[in-house]
Amino acid sequence: MKLYNNIKRYIKYSFPAIMIAMVSCTDELESEAYGEPVLENFYTNPVQAEQALVAAYSSMSEIAGSNFWGTMGNDVIFGEIGTDDFIKGGRTAENNTPLLERDTWTISTSSQIIEQMWKVNYKGILFTNLVIENIPNIDFDDEERKKEILAEAHFLRAFYYFDLVNSFGGVPIIDRPLDIGEFNVPRATKEATYTFIEDDLKIAIADLPSRLSKDASYTGRGDKGAALGMMMRVLLYQNKMAQIETYGNQLFALGFELTPDYTTIFQPEGEWNSGSLFEINFSSDASILGTGIPRRVNPIGNKGGGFVQAREDLRNEFEDSDPRFDATLFFEDYSYGTDWYVRKYAWAPYSNYELPAIGGNNNSANNIRIIRLADVYLMYAEAIYNSDPTTAIEYVNKVRTRARGTAAATVVPDLPNSLTGQDLLEAIYHERRVELAGEGFRFHDLVRTNRAGALLSPYGFTEGTNEVMPLPINEITLSNGVLTQNPNY
């Protein structure tokens, strides 16, 4: 069985085991220092190190599928709603208050979605910190594997902090398991949070192998390609364009290639294809290790929630005959909404993923695609469009050539080599919008390029406020004011 299936199952068993170990520490308070007995007994050998690492993936799975409100807060859902691409959808205009708040840019500080996003990400950070703190003390026969485990934990911690900084701005930086009395940590600045993320990714890049240099059993882990792709995205969101080029060149040297047929990327046969840098794995079986995202975005007539419906503005953005339109969106009539749904995370008959036969409709097998090579090509092109427009056009055209597939060259034609300046930048923006539609990037692209105010204000977006969400009011209350709220919330 491939490792990525093992990871799915290890999460189920390793995570509760470690949680029980941590909770059990309270029984020892009268005779032993808090947390010492069970944790020390657990982190004693390489097998336990692997289990602890896999448990650190559990929050990622919650964010992308198993936690009801955490899944609602995933960028594929929450991040798309309220943009110029998608409306909330659902059964009625009022259906699902937290998503309605996002659709109208009136997000409450008591939203269940933001509360779960905060809690689940920090739970993931706790488990990565436990790995980073305890694994160095374990004796390994294979020291290289020990380095890889630690590097993988740094990648995961960067992932969780990146989700937090994009959602809330600067957040408390916790780089180790905390002792009693240390829990009330103030917010760091956004800049300091990003620096911490970059430092974690530098460790991951240095010590992780590429899955292309491993056998199939390695598939499913965060590897060097994933860390490089994540670093490029982190830098893009900070407008550090020169560094994007450097890391892009490192990534291209690994040998990833665009899979030839765009229409297969979000099908079962497209999981971990040659252009996939990182995915969150799910399976639909009795272990109940599936994702709930398809249930949210499928039409109500197809046993879904009907959320995330495409606006006409997005539909008109696709060029005539662009095969990506039908690979991204489909129509199903309903009494409310635009009736245009995201095919990328659909069930049959709109995709080759079947409705879950066991475990309920939150137990879907769809892998959630996190980093794709096409995204990397477009980040790279945006980074160099001013300094090297010829190469920027070359990378955009790689994406467009793949998009048209076997169609005539007049379908999604290559950009002309004469394109420069703002015209080239707008072409790159267009390409990101249609290539990555429905994958959770539109809002962040608008914010980082300072276009959110102009394009989203018709939907209720307030510049200077809605670029980030409010911190959960419960967290501020528990902190006795140590945590400060974002402006205007």
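Biologist: Is Val308 buried or exposed?

Modeller: Val308 counts as buried because its relative accessible area is 1%. Buried means under 20% relative accessible area, exposed over 50%, and partly exposed in between, with a 1.4 Å probe and protein chains only. This is a predicted model, where local features need pLDDT of at least 70, side-chain atom pairs count only at pLDDT 80 or more, and totals for chains, interfaces and linings use all residues. Residues are numbered from 1 along each chain as its sequence is written, and side-chain values use heavy atoms, with hydrogens and water left out.

Biologist: Where does Val308 lie?

Modeller: In strand E3, residues 307–310. Strands (E, at least two residues) and helices (H or I, at least four) are DSSP runs, numbered from the N terminus. Val308 has a positive phi of about 65 degrees, although it is not a glycine.

Biologist: And what about the phi of Val412?

Modeller: Val412 is not a glycine either, and its phi is positive, about 45 degrees. Val412 sits in the loop between helix H16 (389–404) and helix H17 (421–435). Most residues other than glycine have a negative phi, and most peptide bonds are trans.

Biologist: Which peptide bond is cis?

Modeller: The one from Ala348 to Pro349, with omega near 10 degrees. Pro349 is in the loop between E5 and E6.

Biologist: New topic. How many aromatic pairs are there?

Modeller: A search of the whole structure gives 25. In one of them, the ring centres of Phe330 and Tyr350 are 3.9 Å apart and the planes are at 15 degrees, so the pair is stacked. Rings of Phe, Tyr and Trp (its six-membered ring) pair if their centres lie within 6.5 Å; planes under 30 degrees apart count as stacked, over 60 as edge-to-face and the rest as tilted.

Biologist: Are Phe330 and Tyr350 buried or exposed?

Modeller: Both Phe330 and Tyr350 are buried. Phe331 forms an edge-to-face pair with Trp340, at 5.4 Å centre to centre and 65 degrees between the planes. Phe331 counts as partly exposed, because its relative accessibility is 45%.

Biologist: Which residues make up the aromatic cluster?

Modeller: Trp118, Tyr122, Tyr161, Phe168 and Phe196 form one cluster.

Biologist: Last one. How many residues of helix H4 are buried?

Modeller: Eight of the nine residues in H4 (residues 58–66). Among them are Met60, Glu62 and Ile63. Asn67, in the loop between H4 and helix H5 (68–72), is also buried, with a relative accessible area of 13%.
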